Amino acid sequence: MTFGNSAPNASPYADEGPYGTPVAKHKKAGLTRRGKVAIAVAGVAIVGGGTIWFQVHSAAVVKDEKEAAALQIQMKKLELEEMKIRNEQASTDKKAATASADKIQTAVDKCVKDSSDLIGKGYGSPTRSDVVADCKQQYEATDRSGMEAAGTARDTGNGGGGGGINSPALLGLVAGGGLAVAVFARKGKKADA
């Protein structure tokens, strides 16, 4: 079928124009416009997300550092309070010891004064140093027993030392664990061989 002035094709399968075989157009290598836009959007999303994550992470780190600093300050305050309590207790103990020593000295002096009429009365009578030593032994022994009772009551009140693991028990546990690991490792080697 022919329309107008055109000449019929000699071959219906020939793809030739009036100027010869057309030159094939090659597409440029690279992305299309849509691909470029998609990559730009993805890049902006990654950079924006990274920036937001960095800001959130930095804020969390700063918050953690502030909490750690506040906790350290609180620990220092507690240590200071503990030191104050220990100093007050030491002061109280020192005052009690001084008062106790004064009472003992007064009692020893009174005992020596009361026993002074026995000193040097005759053959076999005690000397002054014997009387002083006897009086000191008598009054210091009674006072120290009270101090020891108070010390043991104070130690039992603390509750420290009764619930821990002592070093021989810990050493035994570690040795037993090491032995168990060695036995299982040896059995594993035998099973592999």
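These notebook entries record what I looked up in the structure.

**Basis.** I worked with a predicted model, in which local features need pLDDT of at least 70, side-chain atom pairs count only at pLDDT 80 or more, and totals for chains, interfaces and linings use all residues. Residues are numbered from 1 along each chain as its sequence is written, and side-chain values use heavy atoms, with hydrogens and water left out.

**Elements.** I found three helices and zero strands in the protein; helices are DSSP runs of H or I with at least four residues, strands runs of E with at least two, numbered from the N terminus. The order from the N terminus is α-α-α.

**Burial and surface.** I noted that 5% of the 193 residues count as buried, that is, under 20% relative accessible area with a 1.4 Å probe, protein chains only. The accessible surface of the protein is about 17,400 Å², and carbon and sulfur atoms hold 61% of that surface; the areas come from the Shrake-Rupley method with a 1.4 Å probe.

**Core.** I looked up the largest nonpolar core and found six residues: I104, V108, C111, V112, V131 and C135. Such a core is a set of buried Ala, Val, Leu, Ile, Met, Phe, Trp, Tyr and Cys residues joined through side-chain atoms within 4.5 Å. Helices α1 (33-115) and α2 (128-158) each supply at least two residues of this core, and α1 gives the largest share, four residues.

**C135.** Leaving aside residues up to four places away in sequence, I found C135 in contact with V108, C111 and V112; contact means heavy atoms within 4.5 Å.

**Helix α1.** I located L71 in helix α1.

Note on methods. Buried means under 20% relative accessible area, exposed over 50%, partly exposed in between (1.4 Å probe, protein chains only).
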